[in-house]
Amino acid sequence: MATIIGGLATSHVPSIGGAMAKGQQQSPYWKPFFDSFDPVHEWLAKEKPDVAVVIYNDHGLGHFLDKMPTFAVGAAERYENADEGWGIPVLPSFPGHAALSWHIIESLIADEFDITMCQEHLVDHAFTLPMKLMYPDAGDNWPVRTVPITINSVQHPLPSALRCWKLGQAIGRALESWPGPEKILVVATGGLSHQLDGERAGFINKDFDLLCLDKIVSDPVALTHYSNREIVELAGSQGVELMCWIAMRGALSGRVSKVTSTYHVPVSNTGGAVLLLENTPVPKALAAE
Ligand code: DHB
Ligand code: FE
């Protein structure tokens with residue numbers, strides 16, 4: 001049976017791609033952020049996941065405002081990136097895992113999540129940059145197969161934090177029932193607090209971000225009590241990307257422990273954060289006690 005070995009969450013700010021392309025990882029501004037990936041790289045080299053299920057919010061490349069799925073799952077053997085206009089390099093395409101994707105889709109729909117299924121899907125910076133942060137030296141030979149899962153955090157009305165938590169739990173059930181031998185890492189991208197436009201452009205809430213970094217490990221259900229309005233107020237209009245972190249955490253049903261976390265402000269206009277969690281599956285009989 002497949003094993004969910006952990007969860008990784010990271011911000012996906014486009015300028016991270018610019019810094020990597022220009023080799024600025026050790027500049028004073030970027031060093032604390034990029035250094036926080038050293039323990040992530042060590043953990044990935046030790047644990048060697050086979051698959052990354054990447055939960056993120058698309059920003060208009062894969063889905064556009066004319067047709068915006070609340071939840072969508074990629075079901076392709078390959079995913080291409082394309083130029084979004086950020087001035088960052090287009091990354092080499094990513095291997096998919098169509099059989100696992102279809103298993104997830106079937107399981108989610110049986111579980112009453114009526115998601116959109118995408119047999120073609122362009123992946124944007126929110127998918128590609130976390131992959132590059134995890135595997136900076138991969139070139140066009142990514143060491144994991146991928147399943148992209150998107151949550152709408154662009155076109156209101158958005159799904160609630162509670163709904164995203166439940167989606168994550170359903171994704172966890174789907175992955176745990178996959179008969180293959182794969183070690184699976186669930187990745188969440190986005191956040192933490194940021195607002196890119198409007199009167200509060202540049203708004204960052206460090207206290208709330210630190211609270212989220214703590215609660216997502218120890219008491220994730222507490223985060224599901226916020227309404228989207230409250231999250232926008234506390235974390236900015238793009239701070240709702242927190243949904244992806246909540247969904248990732250919902251997928252980790254075992255014993256969860258923190259491997260590393262970092263908070264670095266600002267990364268561009270964003271409360272930049274990295275969090276790696278290890279998931280030790282608990283046998284079903286024990287989990288029920
Ligand atoms: C920024 C942050 C994002 O999450 C994003 O998708 C685009 C830009 C920023 O802070 O610049
Ligand atoms: Fe974003």
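The paragraphs below cover the conventions, the metal site and the aromatic contacts.

This is a predicted model, in which local features need pLDDT of at least 70, side-chain atom pairs count only at pLDDT 80 or more, and totals for chains, interfaces and linings use all residues. Residues are numbered from 1 along each chain as its sequence is written, chains are lettered from A and ligands numbered from 1 in the order in which they are written, and side-chain values use heavy atoms, with hydrogens and water left out.

His-12 (NE2), His-59 (NE2) and Glu-241 (OE) coordinate the iron ion (ligand 2) at 2.1 to 2.2 Å. Donors are N, O and S atoms within 2.8 Å of the metal (3.2 Å for Na, K and Ca); water is not among the atoms, so sites may look incomplete. The donor spacing in sequence is H-x46-H-x181-E. His-12 is buried at 4% relative accessible area, whereas His-59 is partly exposed at 31% (buried means under 20%, exposed over 50%, partly exposed in between, with a 1.4 Å probe and protein chains only).

The whole structure holds 10 aromatic pairs. Rings of Phe, Tyr and Trp (its six-membered ring) pair if their centres lie within 6.5 Å; planes under 30 degrees apart are stacked, over 60 edge-to-face, and the rest tilted. Trp-30 and Phe-33 form an edge-to-face pair, 6.3 Å centre to centre with 70 degrees between the planes. The Phe-208 and Tyr-226 pair is edge-to-face because the planes stand at 85 degrees, with centres 5.4 Å apart. Phe-208 is buried at 5% relative accessibility, while Tyr-226 is partly exposed at 22%.
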